[in-house]
Each structure stands twice: as structure tokens, then as C-alpha cells.
Amino acid sequence: MQSESPKEISDYYKHLSLFWTDIIHLMSSKPQALASIGPMRAFAANSKKISTEMIEINEIMMEFNQHLGEYYKQLTETWTTAQKKVNLKAPEVPQDIEQIEAFKRIWIDIFDNDFTELFDSEKFGENYGKLVSKELELTKHWNNITNVILQSVNLPSKEEIDEVYKEIHSLKKRVGKLELQLKKKELKKNTK
Amino acid sequence: MLISYALINRFHILDIHPEKSWVRNLLEQGFDVYMLDWGTPTSMDKYLDFDDYVNGYLDTYVEYVKNESSNDKITLQGYCTGATIATAYTSLHPESVKNYIATAPVIDGWRDTTVISNLAKHMDVDKMVQIIGNMPPEFMYYCFSVLKPFEQGIEKYVNFFKNIDNKRFVDNFLRVEKWLGDTPPIPGELFRQWIKDIYQDNLLIQNKMYIEGEHVDLKKIDMPIFTQVAVGDHLVSPECSMPLHYAIGSEDKTLRMYPTGHVGMIASGLSQKKVLPELGEWLAERS
């Protein structure tokens, strides 16, 4: 194992994990093993899905951390540059009763300008977009795992609930438009 | 007059303090004012889209106000993102709008120079809506926190503690803070269309936007229109709002620029002394 690359190690654990979940799945499928209507059987039957999701979460976590690292790198670099600018300006601040206030104003102005420039930049927008995207993928896999658990207790999945929401929305829209049309017709009638 | 408030935070900023109230000022000038509360979308509302807001909610409210005031047409005001909805409405239902007031409208996403626009352009909005549904308030708080982070995150609170003995200051500060911390989620489908059609593809100003198959043609906005823009607006830059003035079909159009910010334009001393009197004068001539 020591001489193998991280990719090979990752694949090794991936296959090992899937092998055991396959075994558990096969064992739980035996009618004598568990009651066919109990939650454990339904859960075990889908446990391979959970393993696959966990492996994918692991891979996405690596990419997420990469973008998170870049995010903090951008913030740190901007902070350092802004602080250098403040240090250069600091000797110009008159030493009087207003000194602290004047220094604070310079500090805030320079930091706001530099950070706004960063947040406005292509490199920040691109990395931030990818960071959010990876976070969403993590959420998606978490949702998929939750769906396995929900199905094991005969509850609807997120997709099934979304279908119901979509149908309700469509019905409400149709009823709303018909009501509005009726009201407009009634108003026209009354004004005549 | 019906006010179509933004989708972010709540409408009561327009009546947040008796001395800074947009609504009170207009009432004192003799105008009847109605305000629209978009409510709080739940997970069930994730499929609400532009059509629901423009041809559903706003159209229903306009009909209500027309009925209440016994008028065929009303004056419509839109603020920020509420102005985008009101602009689309005015284009699709010009027969119901007598005058249109666009206050810091979000119109030209490509010209917008704010941080919000940069974040929006790089957003995988399809993935976002598919996975999380409605846009959570926490995500919007993050977007706002990167706007002038040190002025808003430090200086504002330093000032608060400096004025902690000033009852009037603390009262005003807490009213605005409470308002800032209260924003509803944005329905997923509406958010998707918003980011794509306004910020990423910029369809509205190019006259290429469609709502449920209906063309949102800005040339159809031919009634008197008053556009208000804040020079120091860091949420909706003047470059994003001003193109509306040049794109519409109306011949009676006025563009005013004010030396203030996004919220300063609607709830400040300047709005009471300058913005509202000018609006009232313009409106009185056309009412």
C-alpha cells in the first residue's frame, strides 16, 4: 500500500466499501434474515446507495476545500495589501486630538476600497461561484442519503414532495387567473 | 398610488419613522397610498415565478386599488427589485397605469457595477434552485455583508456605541437594524429567472424578455414616467437603473439623480427635503 498513489488508495477503499455493502445487501435480501416490511430491510436494501453517496461526498469535499482555501487566500492577500497601504499612509496623519479618528477613517476607506475591488473581480466571482457550487453538490448528496432513510420508513422523498408542490402551484395559478378574469368581467359589467 | 416594494427586506422601510416616512410625506401631500407586502414564501412556494408576481400578485393588487379608488388607472411606483416587477407589469398592462415611478430600478444587469452583480454573474443558479429551492435569507445576508464590509461591519457599530446615550439615535438605529435583519426567502423559480434574465443574459433592457410567452416590450411603456436614481447606490448602481429612461416609449419622461444611497433615497432627511417634494410636484401635475 505504501508505494501506491492516493488515487489507487482511494479506489481500493471504494471497492472494499462497495464489496461489504453488497454483502450486507445480499444477506438482508434473504426472507428469513429480516421481516420484509420492517424498516431495516428497506434501509439495508438501499445501503449501497448511502456508501456511494459517502464516497462521492468525500471527493467533493476535496474540491470544496480547494476552493475554500483559495477563498481565504484571496481574503488574506487583500488584507495584507490593504494593511501595507495603511502603514504607508499612517505617518501622514497629524498628531493631534483627532489622530485616532483620522487613522480609523483612513483604515476603513482603504480596506473598503481594496475588498470591494476584490469582490468585484473576475477571479473572486469565479472561485466564489465554484465554492457555492461544490457546497450545493454536498447538499445534494446529503439530500440523497436522507431520501434513503425516508424511503426506509415509507415517507416521500424530496423529489416526490416537489412534484406535489409543483402540482399545487400549477392549480393555484390556474384558479387565481380564472378568479381575476371573473372579477374583471364583473367590474366591466357593473360599470356598464 | 400603489407601491411595489422590493423582494428583499420588508416594505415598512417606507414608513419606518414618522420623520422619515415616504408614505406619510405622500399622504400629507394629498395622495392616497397603497403598499404591497409580498409576504413570506415557504418551501411550497418554490415554483412561484415572474408570471405569478407580475400577472398574478401585482395585477390582483392593481385591480384592488382601481376598485377601491374608483379609477380606471393608477399611479404605480416600483422600488429596487420591485421596480423590475413593476416595469414588466407596466409594459404588459399599460392600460392600468396612469403614471409610473421607477425608484432605483434593477434594469440593466450587464452595466451594473456592484458586487452583487459580480456574484450573480458567476452563480450556477439552476443547480442552486434545483437543490435548495427558495433562496434563503442567510445567503442574501452574505451577499450584503460584502458591500462596504468595513463601513457597515465596524464603523456603523462604533457610531452606535458612541451615541448609546442618545435616545433618538438609538431608536433610529434599532428600527433600521431590525429592518435589515428581516428579509424573506425569494421563491426559487423567480430567483432563477431573475439571475438569468436580468443579470446573466440581460434580456429586459434588450427587449428580449418574455413572461409566460408574453413579450415585455419597454417601448409599450408610454405613460408619464419618473425615474429616481441615487448616485451613491452600492446595491443598484446608477448605470443599472438609468437605461430605463432611454429605453421606454414614453415622451413625458423625467430622470432625477440624488446625492445619496439606496436606502437614503427613500428613508432619510434628503428624501423628505428633496426627493419627495420633487416627486409630489411631478405627480400633482399629472394627477
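Good morning. Strand E3 (residues 74-79) of chain B and strand E4(B) pair in the parallel sense over six bridges; strands here are DSSP runs of at least two residues, helices H or I runs of at least four, both numbered from the N terminus, and two strands pair if DSSP finds at least two bridges between them. Between E3(B) and E4(B) the chain passes through helix H3 (residues 81-92) of chain B, in a right-handed β-α-β crossover, that is, clockwise from the first strand over the helix to the second with the strands pointing away from the viewer.

This is a predicted model, in which local features need pLDDT of at least 70, side-chain atom pairs count only at pLDDT 80 or more, and totals for chains, interfaces and linings use all residues. Residues are numbered from 1 along each chain as its sequence is written, while chains are lettered from A and ligands numbered from 1 in the order in which they are written.

To return to the strands, B:Tyr79 has B:Thr103 as its bridge partner in E4(B). E4(B) is also joined by four bridges to strand E7 (residues 225-230) of chain B, running parallel, and there B:Ala102 is partnered with B:Thr227. Six of the seven residues of E4 (residues 97-103) are buried, meaning that 20 or more other C-beta atoms, placed from the backbone, lie within 10 Å of their own.

Finally, the core. B:Tyr79 and B:Val54 are among the residues touching the most other members of the largest nonpolar core, which has 91 residues; such a core is a set of buried Ala, Val, Leu, Ile, Met, Phe, Trp, Tyr and Cys residues joined through C-beta atoms within 7 Å. Helix H2 (residues 50-69) of chain B gives the most to this core, with seven residues.

Conventions. A residue is buried if 20 or more other C-beta atoms lie within 10 Å of its own, exposed if 12 or fewer, and partly exposed in between; C-beta atoms are placed from the backbone.
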